[in-house]
Amino acid sequence: MNALTDIARALAAGSSDSIPSSLFGLPDQSPHERVLLAADPVTGLKAILAVHSTARGPAFGGCRFWSYDNELAALNDALRLSQGMSLKNALANLPFGGGKAVIIKPAGDFDRPALFAAFGRAVQSLDGAYITAEDVGTTTADMLGMTAHTQYVSGIPREGAFGGDPSPKTAYGVFVSIDEGVKRVLGRESLQGVRVALQGLGAVGWHLAEYLHRAGAQLVVADVNADKVARAQAKLGAQAVGIGEILAAEVDVVAPCALGAVLNAQSIPALKAKLIAGAANNQLATAADGDALQARGITYLPDYLVNAGGIISVAREFRNEGEETAVMNEVAQIRGRVAELLDRIKTSGQTPAREADAWARSLLVKPA
């Protein structure tokens, strides 16, 4: 059964779980320009390449490699992630539109280099409409291997030149966002003694934990990998809690740094933090969940605003404009956009999520 057959049967049965209301996009969002389903039976590749918008330039966004419950879930993830990239790239003032790819992880053994080679050929078939890079489950080695099959890839270590793993840049953008949010929302002059719950200690989560630790924050952490948690306890003095307890921890700030949709009708009533800012994409399960956070007096800094450091890094690398200090300075400008958003909501009366969405959509035009 393929993704389109899945959708047809689910719609006929009246089910709506994880099903886009249209094959062309998500509810209340502009239609996607192009969605490519790419399969290669030899390598086991099943990939969805979603181009949401090229209004500002070629669509740019990473590739997620994940085990999905079904093909519908993979399609829904690709659509949500790619429209988020349109908003992210617009707010970051990058000359790129939004796109994303997901690869459904094959069951059993598979040849990873061959699979990513096939994915590289799928990217190349879009003739530059979509540029890919790392995301959850993919590595710099995967990107490097793809260069033999496509020129539209970034996030690659380069001898004597800027490039490679963007996760430290993503983490730094989240860090400055938390720092600004703590000042503006919590009224604290520094992060010294501020309690931060980190959900997820992957590549970005770990770098963020290090930044926060150096700034004097007290860390509460959870991850499915017990070794990562133990490392955070030993090296960063972190307090460990279960993965089912981290969002409701007694903290000032929650930083979701794993997968999306963690802020939902089940988790929001239990939150004790007053500020949420993290690296995970699509943290809100629905737009209404942003309203529910506001109703509880919790300030949510939208993920696509605060986690743009990685795309800034790979975009500058792709354009051969990268230099470490300059890129870090550009990522640091996320702080100013967080401040502007907090100023905007005072005037508009909107929630941060809805205000950021409107702000980003106003920028979905070709840069001057």
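# A walk through the helices and loops

Let's start at Asn89, which is found in helix 2 (residues 71–91). A quick word on that label: helices (H or I, at least four residues) and strands (E, at least two) are DSSP runs, numbered from the N terminus. What you're looking at is a predicted model, where local features need pLDDT of at least 70 and side-chain atom pairs count only at pLDDT 80 or more, while totals for chains, interfaces and linings use all residues. Residues are numbered from 1 along each chain as its sequence is written, and side-chain values use heavy atoms, with hydrogens and water left out.

Back to Asn89. Is Asn89 buried or exposed? Its relative accessibility is 0%, so Asn89 counts as buried. Here, buried means under 20% relative accessible area, exposed means over 50%, and partly exposed is in between (1.4 Å probe, protein chains only). Setting aside residues up to four places away in sequence, Asn89 touches Arg56, Phe60, Leu94, Phe96, Gly97, Gly98 and Ile311. Touching, or contact, means heavy atoms within 4.5 Å. Ala232, on the other hand, is 143 residues from Asn89 along the chain, and their C-alpha atoms are separated by 32 Å.

Now for the cysteines. A disulfide is a covalent bond between the sulfur atoms of two cysteines.

Next, find helix 5 (residues 167–186) and follow it to its partners. Two packed helices are described by the angle between their axes and the distance between the axes. The axes are lines fitted to C-alpha atoms, for helices over the stretch in contact, and angles run from 0 to 180 degrees between N-to-C directions. The axes of helix 5 and helix 6 (residues 203–214) come within 8 Å and cross at roughly 45°. Helix 5 and helix 6 are therefore oblique to each other. On this scale, angles under 35 degrees are roughly parallel, over 145 roughly antiparallel, 65 to 115 roughly perpendicular, and the rest oblique. Helix 5 passes helix 6 in a right-handed crossing; a crossing is right-handed if the near helix is turned clockwise from the far one by less than a right angle, and left-handed if anticlockwise. On the helix 5 side, the contact includes Tyr172, Val174, Phe175 and Ile178, and residues of helix 6 in it include His207, Leu208 and Tyr211. By class, the contact of helix 5 with helix 6 has eleven nonpolar, three polar and no charged residues. In this sorting, Ala, Val, Leu, Ile, Met, Phe, Trp, Tyr, Cys and Pro count as nonpolar, Asp, Glu, Lys and Arg as charged, and the others, Gly among them, as polar.

Helix 5 also meets helix 11 (residues 324–332): their axes come within 9 Å and cross at roughly 40°. That angle makes helix 5 oblique to helix 11, and the crossing is right-handed. Lys169, Tyr172, Gly173 and Val176 of helix 5 meet Glu324, Val327, Met328, Val331 and Ala332 of helix 11. The contact of helix 5 with helix 11 divides into six nonpolar, one polar and two charged residues.

Further along, helix 12 (residues 334–348) and helix 13 (residues 352–362) pack at an angle of about 110°, with their axes 10 Å apart. Helix 12 and helix 13 are therefore roughly perpendicular to each other. Among the residues making this contact are Arg337, Glu340 and Leu341 of helix 12, along with Glu355 and Trp359 of helix 13. This contact of helix 12 with helix 13 has five nonpolar, one polar and four charged residues.

While you're in helix 13, look at Arg354, which lies there. Arg354 counts as partly exposed because its relative accessibility is 36%. Asp291 is 63 residues from Arg354 in sequence, but 8.6 Å away in space, C-alpha to C-alpha.

Finally, visit a couple of loops. Asp127, in the loop between helix 3 (112–125) and strand 6 (130–131), has a positive phi of about 55° although it is not a glycine. Asp127 counts as exposed, at 64% relative accessibility. Asn320 sits in the loop between helix 10 (309–318) and helix 11. Asn320 has a positive phi of about 55° and is not a glycine, and at 68% relative accessibility Asn320 counts as exposed.
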